Amino acid sequence: MIVLFVLGIVLLAYGAIQGVVHHQVRWVPITIGLLLTIFMGLGVQRAQQRHFLMAEVPFSKTQKIQPAVTIDGFNLITTEKGSNGRLRYTYRTNDKTYQTLTQQAKTKVVAGQKPTLKTTVMTYQANSTWRRFLLLGQKTVEKGDTTYKLTLPEGWYVVPKDKVDDLQKMVQDNESDTSDKVRDEINKQVAKKVKADKDFVDDEDGQNKLKDDIVKKVTSDSQKQLKVDIVNQISKWQKEQ
């Protein structure tokens, strides 16, 4: 378009010069030059703003991902806000840590069977000889927005990066509380057994079995409650983002 725009200016100049020299208006070159100047000028402006004369050509890549952090069986993808306020997602692949972009990019999180990240980069290209000719002197390939599709299976969650320590503390506190609960429950049940049968004091096998049963039950109940608490806490954080 720049070439035709310049050609239009040349034709206008030619028509003007001919009019001055020969005192005769050359309507053909003036008309063609005026049309080329106007339309090609508008075309150049649109090409700079709206990918004029270019076709959308997306490039996609899907890769398997690993969690950025794993806490007590919870596979976590962490987030932090970029300079433009959008979330930057941190994940791992091939044991290396990566982050999504936030500039001219958006991320969508969906549920699925396998943890994957699909990256689609939109490009705009002049995909014919005529279009490349019209865009001569301008870019014929331009990069557009990037779209991320993050697919997470059951047991995977997205959490703010600055909340990971809070989850670790929840796990540590649960372990400490579980130990206290096991000790208290053992003392309570042994005392109850002894009260009902004094011979239980000397029943070492019976005491060991009772302790094992108590440890299994209390630990199982505590783990179930911990998972509920963690899921609820993650949901609360996600609503706040």
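In this predicted model, T102 has a relative accessibility of 5% and therefore counts as buried, the cut-off being under 20%. The residue belongs to the loop that runs between β5 (96–99) and β6 (105–111). When its neighbours within four places in sequence are left aside, T102 is in contact with G82, N84, R86, L87 and R88. One of these partners, L87, falls within strand β4 (residues 87–93), the strand that is joined to β5 by four bridges in an antiparallel arrangement.

Across the two strands, Y91 has Y98 of β5 as its bridge partner.

The aromatic rings come next. Two aromatic pairs are present in the structure. F74 and Y157 make up a tilted pair, with 5.4 Å from centre to centre and 40 degrees between the planes. This pair links distant parts of the chain, since F74 sits in strand β3 (residues 74–81) and Y157 in strand β9 (residues 156–160), 83 residues apart. F74 is buried, its relative accessible area being 6%, whereas Y157, with a relative accessible area of 22%, is partly exposed. Y91 and Y98 form an aromatic pair that is stacked, the centres being 6.1 Å apart and the planes 25 degrees from one another; the two tyrosines are thus joined by a strand bridge as well as by their rings.

Which strands and helix do the buried residues of α5 pack against? Helix α5 itself covers residues 204–240, 37 residues in number, and reaches 53 Å from its first C-alpha to its last, which is close to the 54 Å expected at 1.5 Å a residue. Along this helix, Q207, L210, I214, V218, S222, L226, I230, I234 and W237 are buried, and the buried residues of α5 pack against β3, β9 and α4 (164–196).

Terms used: Residues are numbered from 1 along each chain as its sequence is written. This is a predicted model: local features need pLDDT of at least 70, side-chain atom pairs count only at pLDDT 80 or more; totals for chains, interfaces and linings use all residues. Side-chain values use heavy atoms; hydrogens and water are left out. Buried means under 20% relative accessible area, exposed over 50%, partly exposed in between (1.4 Å probe, protein chains only). Contact means heavy atoms within 4.5 Å. Rings of Phe, Tyr and Trp (its six-membered ring) pair if their centres lie within 6.5 Å; planes under 30 degrees apart count as stacked, over 60 as edge-to-face and the rest as tilted. The expected span of a helix is 1.5 Å times one less than its number of residues. Two strands pair if DSSP finds at least two bridges between them.
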